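I am keeping these entries as a record of what I looked up in one structure. The order is the order in which I went through the topics.

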Amino acid sequence: QVQLIESGGGSVQAGGSLKLSCAAPGRTFDTYGWFRQAPGKEREFVAAISGSPWVDSRMYYEDSVKGRFTISRDNAKSTVYLQMNSLRPEDTAVYSCATAPSIKWSATQAMAATGYSYWGQGTQVTVPS
């Protein structure tokens, strides 16, 4: 059983920043993704990072977060981060991290929630309007 431990959520004014973390103690995966779900809406892809010791990391972003959010990873800490800048009220959602044991070679692959094996519990991000 893989446990993903998320942290860093909270409430921030529009234009502010938050940094989410997702730790998978003792495990390393080729792909880490962040998804979010707002009240009354379906879960949507936010960002993913995919790579291995033999494949350079590639990052994928949902269009509305490009230029504002940055995904990164620290393999030594088995942790992936999501730096979120210039937050907007429409970014309000529960953010969940997910992992996959394989490389995502395209954005289409990275965006598919069915391609991820393990999921965290989620952390709330609120940006009041």
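**Disulfide.** I searched the whole structure for disulfides (a pair of cysteine sulfur atoms within 2.5 Å) and found 1. The model is predicted, so local features need pLDDT of at least 70 and side-chain atom pairs count only at pLDDT 80 or more, while totals for chains, interfaces and linings use all residues. Residues are numbered from 1 along each chain as its sequence is written, and side-chain values use heavy atoms, with hydrogens and water left out.

The disulfide joins cysteine 22 and cysteine 97, and their sulfur atoms are 1.9 Å apart. I noted 50° about the S-S bond, which goes with a right-handed link of cysteine 22 and cysteine 97. Cysteine 22 belongs to strand E3 (residues 18-23) and cysteine 97 to strand E9 (residues 93-100), so the pair ties together parts 75 residues apart in sequence. Strands (E, at least two residues) and helices (H or I, at least four) are DSSP runs, numbered from the N terminus. I then checked burial: cysteine 22 and cysteine 97 are both buried. Buried means under 20% relative accessible area, exposed over 50%, and partly exposed in between, with a 1.4 Å probe and protein chains only.

**Aromatic pairs.** Next I listed ring pairs. Rings of Phe, Tyr and Trp (its six-membered ring) pair if their centres lie within 6.5 Å; planes under 30 degrees apart are stacked, over 60 edge-to-face, and the rest tilted. The count is 6 aromatic pairs.

One of them is phenylalanine 35 with phenylalanine 45, an edge-to-face pair at 5.6 Å centre to centre with 75° between the planes. Phenylalanine 35 is in strand E4 (residues 31-37) and phenylalanine 45 in strand E5 (residues 44-52), so this pair ties together parts 10 residues apart in sequence. Phenylalanine 35 and phenylalanine 45 are buried.

I followed phenylalanine 35 to its pair with tryptophan 119: the ring centres are 5.0 Å apart and the planes at 55°, so the pair is tilted. Tryptophan 119 lies in strand E10 (residues 118-119) and phenylalanine 35 in strand E4, so the parts tied together are 84 residues apart in sequence. How do the two rings' residues stand in accessibility? Phenylalanine 35 has a relative accessible area of 2% and is buried, whereas tryptophan 119 has 26% and counts as partly exposed. Phe35, Phe45, Tyr116 and Trp119 form one aromatic cluster.

**Charges over rings.** I looked for NZ of Lys or CZ of Arg within 6 Å of a ring centre and within 35 degrees of the ring normal. Arginine 43 lies over the face of tryptophan 119, 4.2 Å from the ring centre. Lysine 104 has its charged end over the ring of tyrosine 116, at 5.1 Å from the centre.

Contact here means heavy atoms within 4.5 Å.

I placed serine 96 in strand E9. Serine 96 has a relative accessible area of 13% and is buried. Apart from neighbours within four places in sequence, its contacts include Glu6, Trp34, Phe35, Trp119 and Gln121.

Alanine 98 is also located in strand E9. Is alanine 98 buried or exposed? At 0% relative accessibility, alanine 98 counts as buried. Not counting residues up to four places away, alanine 98 touches, among others, Leu4, Phe35, Tyr116, Tyr118 and Trp119.

Tyrosine 118 is in strand E10. Its relative accessibility is 29%, so tyrosine 118 counts as partly exposed. From tyrosine 118 to leucine 4 the C-alpha separation is 7.7 Å, at 114 residues apart along the chain. With residues up to four places away left out, tyrosine 118 touches Val2, Leu4, Phe29, Cys97, Ala98 and Thr99.

**Whole chain.** I counted 1 helix and 11 strands in the chain. Along the sequence the pattern reads β-β-β-β-β-β-β-β-β-α-β-β. The C-alpha trace spans about 45 × 25 × 25 Å along its principal axes. Of the 129 residues, 46% count as buried. Among contacts with a separation of 6 or more, 59% are between residues 24 or more positions apart.
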